[in-house]
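Subject: A structure for you to look at

Hi there,

Here is the structure I promised to pass on. Have it open while you read, and my notes follow below.

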Amino acid sequence: MNLTPKQIVAYLDDYIIGQNDAKKTIAIALRNRYRRLQLSDELQEEIMPKNILMIGSTGVGKTEIARRMAKMMSLPFVKVEASKYTEVGFVGRDVESMIRDLVHASFSLVTKEYEDNIKDNIDHEINKIIIEKLIPALPSGASEATKESFIKAYNKMEEKLLSGALDDKIIEIEFDKRTHVEVIDTGFPIDMSSMQEGINKLLGGMNKDKIKKEVSIKDARNLLRSSASDKLLDQDAIKVEALKRAKNGGIIFLDEIDKIASSKSSQNQDPSKEGVQRDLLPIVEGSDVQTKYGTISTDHILFIAAGAFHVSKPSDLLPELQGRFPLRVELESLNEEALYKILTNTKNSLLRQYQALLSVEDLKIEFSDEAIRAFASFSLRANEKTEDIGARRLHTVIEKVLEDISFDADEHAGETITITKELVEEKLGEIVENEDMSRYIL
Ligand SMILES: Nc1ncnc2c1ncn2[C@@H]1O[C@H](COP(=O)(O)OP(=O)(O)OP(=O)(O)O)[C@@H](O)[C@H]1O
Ligand SMILES: [Mg+2]
């Protein structure tokens, strides 16, 4: 993670229009993670991350920012929904499970890195297992001459294997069932995660017997990969490194945090929501959490929370929790220009997605610039007349316009259809003007 804040913003710019404050704040926070890790241990201990609260109405890009961050991060990162947690003692996931998820993400990240480092060795190991299936084994006490011809046969087979000529050949392989059985983290309370580890071991023991399977050599490579990497990698070293990375570089994106705020004024005060907030306090502030990889302190984990706060306000969160998210950023609602840019200036924009989907039917779709402007202006109008659902409105609007074309696509194979402003107006004009109709249709 040595992207500069400018590079991070530039990356996000490819996918998210506007929201510059949010991008900037996040970029600085990420860079600070990196900066801190370059310091002496003593200083590192002192520097606490400043957690961020992103506020913005629905469909303006909060979750999208998190999704894009996840893709570019080489730091342990998880995105979780606050609404799926319940207070300790109730049925459901307790908040500490998000820390366990983070450590697990870190473990996968570190494993991947270690695997990349010894990729050649792993490939070699896999090839060895496959080749041994293909040529008769060398008998013990074989003469020099037999050994020599064995090596020759082996090398020849290896060459053939590497050329891909044998990819479709079927062989029988054995692999550990153990690597395929894992108790999912169901959110056991605190000390039970070690017990869970025990259950995993027990299950592993029960399934010690190997599975035999006939597969093509191509598939065999994938199936053998995890056992080959298990064999060659030092799992304990990975656990230690994974814990360290999660502790120092870990980031948790806590989406939908407004769903656990209960508004003081109204009748929908919910004590269990407050319970979840109270459970969150020690985690955000810093406490020790048991995971199956070991104990982790959450002091230096960065939390980024996001919420629309339509019904509740940030001030409806427990004051202590508010205080633990000192940096606030607001995301702007999307105006017509922003909606237009979302369609034209983002990688893999909706329009491109539709073009790609219909190209499968050999149908070429083009959008005139005026038509795209019309998409944006109708979306904005529908947002104003009914609910403001931000860029999500573009999905319903475009879907409505393309519905018939998409349905009849097979009849138009080989053609090019241009979506014009007139077509957009014809399909949407009446609906958008009529408030009741837009409520139901768009
Ligand atoms: N600023 C933006 N730039 C590009 N695309 C956007 C932007 N805002 C929203 N979108 C698109 O709109 C859709 C919804 O956005 P997103 O999931 O980020 O909403 P949200 O802010 O998390 O809303 P909610 O509060 O309802 O969860 C996504 O497909 C996303 O790509
Ligand atoms: Mg969201």
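At what angle do helix 5 and helix 10 pack, and how far apart are their axes? Before I get to that, a word on the ground rules. This is a predicted model, so local features need pLDDT of at least 70 and side-chain atom pairs count only at pLDDT 80 or more, while totals for chains, interfaces and linings use all residues. Residues are numbered from 1 along each chain as its sequence is written, and chains are lettered from A and ligands numbered from 1 in the order in which they are written.

Now the helices (DSSP runs of H or I with at least four residues, numbered from the N terminus). Two packed helices are described by the angle between their axes and the distance between the axes. Axes here are lines fitted to C-alpha atoms over the stretch in contact, and angles run from 0 to 180 degrees between N-to-C directions.

So, helix 5 (residues 97–117) and helix 10 (residues 235–249) pack at about 125°, with their axes 8 Å apart. The two are therefore oblique to each other (under 35 degrees is roughly parallel, over 145 roughly antiparallel, 65 to 115 roughly perpendicular, and the rest oblique). Helix 5 passes helix 10 in a right-handed crossing, meaning the near helix is turned clockwise from the far one by less than a right angle. Among the residues that meet are Phe107 and Tyr114 of helix 5 and Leu243 and Arg245 of helix 10; contact means C-beta atoms, placed from the backbone, within 7 Å. That contact has nine nonpolar, two polar and three charged residues. For those classes, Ala, Val, Leu, Ile, Met, Phe, Trp, Tyr, Cys and Pro are nonpolar, Asp, Glu, Lys and Arg are charged, and the others, Gly among them, are polar.

Next, helix 1 (residues 5–13) and helix 2 (residues 20–37): their angle is about 135° and their axes are 8 Å apart. They are therefore oblique too, and their crossing is right-handed. Pro5, Ile8, Val9 and Leu12 make the contact from helix 1, with Lys23, Lys24, Ala27, Ile28, Leu30 and Arg31 from helix 2. By class, that contact has seven nonpolar, no polar and three charged residues.

Helix 6 (residues 119–134) and helix 7 (residues 144–163) have axes that come within 10 Å and cross at roughly 115°. This crossing is right-handed. Asn127, Ile130, Ile131 and Leu134 of helix 6 meet Tyr154, Met157, Glu158 and Leu161 of helix 7.

Zooming out, the chain is divided into domain 1 (5–109 + 244–330), domain 2 (119–232) and domain 3 (336–427), with bounds from an automatic or database domain assignment. The C-alpha centres of domain 1 and domain 3 lie 34 Å apart, and eight residues of domain 1 are in contact with eleven of domain 3.

Finally, ligand 1. Of the 18 residues around it, Thr58, Gly61, Thr63, Glu64 and Ala391 come nearest (near means a C-beta atom, placed from the backbone, within 6 Å). Helix 4 (residues 62–72) gives the largest share of this shell, three residues. Domain 1 and domain 3 each supply at least three residues to the shell.

Happy browsing!

Conventions
Contact = placed C-beta atoms within 7 Å.
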